[in-house]
Every structure is written in structure tokens, then in C-alpha cells.
Amino acid sequence: MRLLLVEDDELLGDGLKAGLSMSGYTVEWLKDGHSADSALKSNPFDLVVLDIGLPDHSGLEVLKKLRKRNDDVPVLILTARDTVEDRITGLDSGADDYLVKPFDLDELCARLRAIQRRHSGHSSPVLVHGELTLDPAAHSVKFRDEPLKVSAHEFTLLHYLLSNAGRVIPRSRLEEILYGWNSSIESNSLEVFIHNLRKKIGKDFIRTIRGIGYMIDKQT
């Protein structure tokens, strides 16, 4: 999942980027509201973690502009203010969830998984597709009730395709999810990950849509 982190505190932002990356997210970190607003206008993200107390352009302004554009990307807001009024303001501005500083990284990740599930229409935290089971919280995959060993990139790719079963995902979008703005991309790396997954779970599980991208068929 590609996540935009907007946090001006250097120490907290650095720690969040490292922790969220270790949890399997491809994290883009910005430190001001204007940059965040521009990024959200021009780039697709799966999740946003947004600090309210930004120095130049408040997080609430960024959030309100985002929702005014009818962009429904899930947003979790962070704040040091813990009053009922602050929580109501954030949620009424379009936030999907709210977390007060200081907080635990595990709780943040659990809340992100929850809002992503709701956004994707999945009631269960575990994704099941035929003989394949993927557990985002445990970062594990089972195939035919046996643990399946996958790399970090293979897990990210499989998770995204399963979460969007029935939709064709363009190649460029999958590369954005696997890598970040500052990462170099080898020309055939995506094909290598797809090939490896097909070897492990079957060549027909992930379909190639020639000239566009890849998809996993939705179960009927």
C-alpha cells in the first residue's frame, strides 16, 4: 500500500516512516501542508496519515480541500490536542480516524488496516481467495492451509491485488506501490515478482491484461 505521511516533526516523522515501511507500506513523507496538497492533487495514494498542526497550511485545510475534490482516500489524522471538539472537527472535516499523540506504532498500523478494510469493503481483516489466505496483521500467507514463503515485495503486491480483486491495476500503479519516489526501478522487476508468485500459487491466479497491467479475478 502506498501511504502519504504528512508530519513536520523531524524525529517523529523519521520514526514513523521507518516503522510504517517495516510494516509493509511504501511511504512518501512530506513536512508541510502545501506540498501535501500538491502531492494529493497529482498522485494516487491508498492511505494518508496527516498531522493537524502543520506550520504553513493546517492539516484540516489539506483534508477539507481533499474532500472538496471528492477524493475518498482514507485519512487518519494525528494531533496533540485531545478535546471532544477537536475530534469532532477532524471527523466532520472528512477524516476516517483520529489518533492523539503520543501513540503506539502498533495501534497506528491496526487503525490503518481497519480504515483500509472499510474503504475496500472487506469486513474481515484476513483476505481469503480460494485456497489462498493473506493476513495483513501477521504479514503472513497460507496456500492450501500451508504457510507460503513470500518476499516483502511479493507480499505487498499480492495484498494489493487481492484487496482490489476484480479490478485491473495498471503496471505503473503497481510500481508506485512497490517503490517510492526516490527508488530506482529495474525494467523487469515487476514481472519477476509476478512470475515468482505464479510459481507459488498457480500461473492463472494473477492474470496479465496485455498493454495495461494485472488483476486477480473477483470470486463469485
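**Exercise 1. What volume does the largest pocket have?**

Solution. This is a predicted model, in which local features need pLDDT of at least 70 and side-chain atom pairs count only at pLDDT 80 or more, while totals for chains, interfaces and linings use all residues. Residues are numbered from 1 along each chain as its sequence is written, and side-chain values use heavy atoms, leaving out hydrogens and water.

Step 1: A pocket is an open set of points on a 1 Å grid over the protein atoms alone, where a 1.4 Å probe fits, with protein on both sides within 12 Å along at least five of seven lines. The largest pocket comes to about 350 Å³.

Step 2: Its lining (residues with an atom within 4 Å of a point) holds 19 residues, and Asp-46, His-119, Tyr-160, Asn-164 and Arg-167 lie nearest the centre.

Step 3: Helix 5 contributes the most to this lining, with three residues.

**Exercise 2. At what angle do helix 2 and helix 3 pack?**

Solution. Step 1: Find helix 2 at residues 33–42 and helix 3 at residues 59–68; helices here are DSSP runs (H or I, at least four residues).

Step 2: Their packing angle is about 15 degrees, and the axes lie 9 Å apart. Axes are lines fitted to C-alpha atoms over the stretch in contact, with angles from 0 to 180 degrees between N-to-C directions.

Step 3: The two helices are therefore roughly parallel (angles under 35 degrees).

Step 4: Look for the contact (heavy atoms within 4.5 Å): Gly-33, Ala-36, Asp-37 and Leu-40 of helix 2 meet Val-62, Lys-65 and Leu-66 of helix 3.

How values were computed
Parallel < 35°, antiparallel > 145°, perpendicular 65-115°, else oblique. Points joined across faces, edges and corners; volume = space filled by probe spheres on them.
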